[in-house]
Amino acid sequence: MSIKSLTKEWEPMAYGFLDASAKREIRRKTLKAIAVPGCQMPYASREVPMARGWGTGGLQISCTLINPQTTVKVIDQGADDSVNAASIRRFLSRVSGAPTTMDTLKADLIQSRHRIPEEKLREDQVLVLQVPNPEPLRPVQPNMSIARQMHADADYGRMWLQLYEQIVRSGRVMQGASYPSLVHGRFVMTPSPIPRWDVPKMHMAKHLTILSAGREKRLHAVPPFARVEPLVFDDVPYRVEDHGDLTCTRSGAKGYFMNEIPQDDGSSTYEVSDSELGVKTIRQRDGEGTAIGATWYEEGRMPQ
């Protein structure tokens with residue numbers, strides 16, 4: 001036996017950027033998070049070549065799951081071509097050799113910031129959401145030690161009170177994003193800053209969703225076919241944004257979540273937020289034969 005036989009050749013960088021020890025820990029915590037849906041798991045968030053708050057949590061999960069056969073898609077606010085999405089996609093490809101795509105149907109691993117694609121995800125796909133603040137109780141309990149005890153006791157009375165106060169003051173729930181949702185009847189989670197439009201997509205979905213916050217060193221998960229129910233009162237139903245009747249000015253797509261584009265005359269036009277869906281719609285309109293998968297919403301309504 002020699003020292004050389006027990007060691008590996010020096011490499012400038014581990015496969016997938018993270019070292020094996022870091023990946024083992026993240027995989028172990030991910031499995032725990034899947035076993036206890038919605039429960040936040042602490043992990044030792046590593047340094048990655050990106051500033052905290054720009055998706056380091058999601059990037060670490062992607063680096064852990066990726067392999068050379070994984071097809072990766074990265075979106076930021078629904079767009080594949082934003083600076084943040086393009087940079088993360090290029091980084092993942094460089095450190096792993098994995099192919100990349102913008103087509104939701106062709107992707108195995110989808111890392112996203114603030115949106116869930118409009119096309120339905122399959123059971124063999126994994127969605128990684130970047131989360132800036134994983135603690136739904138922070139607005140009502142700034143002491144995180146007490147907040148964790150409240151999670152353990154399933155004590156969510158203050159959250160109900162917060163929603164009640166919003167309805168009394170404004171006539172409706174003012175929570176536009178990160179809407180608190182009960183996962184599988186036990187833990188309340190914040191489903192990252194996705195809009196209310198996207199929260200119903202997580203309910204009984206076929207795909208696995210992993211939510212990770214690198215700065216807060218917490219991750220949680222929504223396994224396939226788990227119940228995700230927004231906190232609502234029986235007489236005040238959950239409402240998504242009123243985008244069902246809006247039409248994209250570029251593609252003509254209708255019935256999806258839209259980005260509002262203010263105009264000089266004070267009016268607004270709209271473009272579909274899922275940029276690849278807009279591209280597919282244009283190509284299909286031009287007769288290029290592009291396939292569009294089944295979407296969560298049909299004619300602006302989520303089928304019950």
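**Reading burial, contacts, cores and strands**

Me: Does V72 count as buried or exposed, and at what relative accessibility?

Reply: Buried means under 20% relative accessible area, exposed over 50%, and partly exposed in between (1.4 Å probe, protein chains only). V72 has 2% relative accessibility and therefore counts as buried. The model is predicted: local features require pLDDT of at least 70, side-chain atom pairs count only at pLDDT 80 or more, and totals for chains, interfaces and linings use all residues. Residues are numbered from 1 along each chain as its sequence is written, and side-chain values use heavy atoms, leaving out hydrogens and water.

Me: Where is V72 placed, and which residues does V72 touch?

Reply: Helices (H or I, at least four residues) and strands (E, at least two) are DSSP runs numbered from the N terminus, and V72 belongs to strand β2, residues 72-76. Contact means heavy atoms within 4.5 Å. Not counting residues up to four places away in sequence, V72 touches I66, L92, A98, P99, T100, T101 and L109. L129 stands 57 residues from V72 along the chain, and their C-alpha atoms are separated by 14 Å.

Me: Where does D80 lie, and is D80 buried or exposed?

Reply: D80 is found in the loop between β2 and α4 (83-96). Its relative accessible area is 1%, so D80 is buried. With residues up to four places away in sequence not counted, D80 touches K73, V74, I75, A85, A86, R89, M102, S275 and E276.

Me: How many residues does the largest nonpolar core have?

Reply: A nonpolar core is a set of buried Ala, Val, Leu, Ile, Met, Phe, Trp, Tyr and Cys residues joined through side-chain atoms within 4.5 Å. The largest has 63 residues, and L59, L92, L137, M159, M189, M202 and V222 have the most contacts inside it. Helix α4 gives the most to this core, five residues. Another core, of seven residues, lies apart from it and includes C248, Y256, V272 and L277.

Me: Which residues are in contact with M159, leaving aside neighbours within four places in sequence?

Reply: With those neighbours set aside, M159 is in contact with P136, L137, V140, P180, V188 and L231.

Me: What is the order of the strands in the open sheet?

Reply: Two strands pair if DSSP finds at least two bridges between them. The open sheet has six strands in the order β1-β8-β7-β4-β3-β2, with mixed pairing. Strands β1 (41-42) and β2 form the edges, each pairing on one side only. Between β4 (residues 126-130) and β7 (residues 208-213), the pairing is parallel over five bridges. Q130 stands opposite S212 in β7.
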